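Please look through the following model before reading on.

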Amino acid sequence: MATEDGTRPLEEGVHTDFSSRMSYGGYLGLETLLSVQHPISDHHDEPLFIIQHQTTELWLKLALHELRAVRAYFDRDDVQHARKGLARVKHILRTITEQWSVLATLTPSEYAQFRGVLGNSSGFQSYQYRAVEFLLGNKNERMLAVFAAEPAARELLAGLLDEPTVYDAFLRFLARRGHPVPDAVLHRDVRQAWVEDPALLPVYRAIYGDTEAHWAEYATCEDLVDLEDGVQLWRFRHLRTVQRTIGFATGTGGSSGVDFLRRALDLTFFPELYTVRSGIGA
């Protein structure tokens, strides 16, 4: 109940002395977190641009954490925890996709007033986004050159280049469950980007043809499809936000801008899971 002056009294047990206790701000490192937004211009909208991208990077950090765990769960045949991790990543993707609606409030005229201070910095240079793509199968060794001046970022991507992807781990899980995954798939060069392998289609046809017998595999396949759809929706919202903000101008990082982002929509992580759908129920 509010007091006569309209304020709400603190409950008797609420802690107010944090001289020797951990506080909310101390646990989260808020003093540091809230001090790393450094606008270069004095334009009102530059903090929006910075915070949008910083929060996305925080979510990408969590997505990397979860995807590495998903891969490890598949390696241990722990499909339940793998699916839980995939579900969390799907929600992360949904969150960062919706964030584009905030940045889309930035009009071309407003952005033009501070775009020049960005120099050649660009989301193209997000090493965490590249790490997510590497983990999901879209590997490209040439991307390492972008991070030559950032040793830690380059080291992370170089390590993931040599490691199996989440999809590799899933396919090996299927093989251990008795599915006839081709040996060439199980021993492929994991440094290469994944390309569709028609030899996997019989495996997926069997799973989708008898979902009761292969429920865990079937449900996990659908989780992977959800994951890819989430990435594609994020890419599409990125494209549309860029298009409404700068039209078809060249990106700050030197890319062709919208055309470059549109080509990214052709990249796929789990192509067989889409191709197999053509024959279901035929």
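Which residues form a nonpolar patch on the surface? In this predicted model, the patch is made up of Met22, Tyr24, Tyr27 and Leu28, which together have about 550 Å² of accessible area. Tyr24 belongs to helix 1, which covers residues 24-28. Tyr24 counts as exposed because its relative accessibility is 64%, and the cut-off for that class is over 50%.

Rolling a probe the size of a water molecule over the atoms shows where empty space is left. Counting cavities of 30 Å³ or more gives one. The volume of the largest cavity is about 110 Å³. Its lining consists of 15 residues, and those closest to the centre are Leu60, Leu93, Tyr129, Val132 and Val231. At least two lining residues come from each of helix 3 (46-75), helix 4 (79-98), helix 7 (127-136) and helix 12 (215-246). By class, 14 of the lining residues are nonpolar, one is charged and none is polar.

Charged side chains pair up elsewhere in the model. How many salt bridges does the structure hold? The count is 14. One of them joins Asp226 to Lys90, with 3.0 Å between the closest N and O atoms. Because Asp226 lies in helix 12 and Lys90 in helix 4, this pair ties together parts that are 136 residues apart in sequence. Asp226 has a relative accessibility of 37% and therefore counts as partly exposed. Asp226 and Lys90 are also linked with Arg83 and Asp223 in a network of salt bridges.

A second pair is Asp168 and Arg188, whose side chains meet in a salt bridge at 2.7 Å, N to O. Asp168 is in helix 9 (residues 166-176), while Arg188 is in the loop between helix 10 (183-186) and helix 11 (201-209), so the parts tied together here are 20 residues apart in sequence. Are these two residues buried or exposed? Both Asp168 and Arg188 are buried.

The salt bridge between Arg262 and Asp259 has an N to O distance of 3.1 Å. Why are these two residues separated by about one helical turn? Arg262 and Asp259 are three residues apart in helix 13 (residues 258-264), which means a separation of about one helical turn. Arg262 counts as partly exposed because its relative accessibility is 37%. Asp259, at 38% relative accessibility, likewise counts as partly exposed.

Technical notes. Residues are numbered from 1 along each chain as its sequence is written. This is a predicted model: local features need pLDDT of at least 70, side-chain atom pairs count only at pLDDT 80 or more; totals for chains, interfaces and linings use all residues. Side-chain values use heavy atoms; hydrogens and water are left out. Patches are made of residues with over 30% relative accessible area and no salt bridge: like charges are joined within 9 Å, nonpolar side chains (Val, Leu, Ile, Met, Phe, Trp, Tyr) within 5 Å. Accessible areas come from the Shrake-Rupley method with a 1.4 Å probe; for residues, only the protein chains shown count as cover. A salt bridge is a side-chain nitrogen of Lys or Arg within 4 Å of a carboxyl oxygen of Asp or Glu. Helices (H or I, at least four residues) and strands (E, at least two) are DSSP runs, numbered from the N terminus. Buried means under 20% relative accessible area, exposed over 50%, partly exposed in between (1.4 Å probe, protein chains only). On a 1 Å grid over the protein atoms alone, a cavity is a set of points where a 1.4 Å probe fits but cannot get out, and a pocket is an open set with protein on both sides within 12 Å along at least five of seven lines; lining residues have an atom within 4 Å of a point. Grid points are joined across faces, edges and corners, and a volume is the space filled by probe spheres set on the points. Ala, Val, Leu, Ile, Met, Phe, Trp, Tyr, Cys and Pro count as nonpolar, Asp, Glu, Lys and Arg as charged, and the others, Gly among them, as polar.
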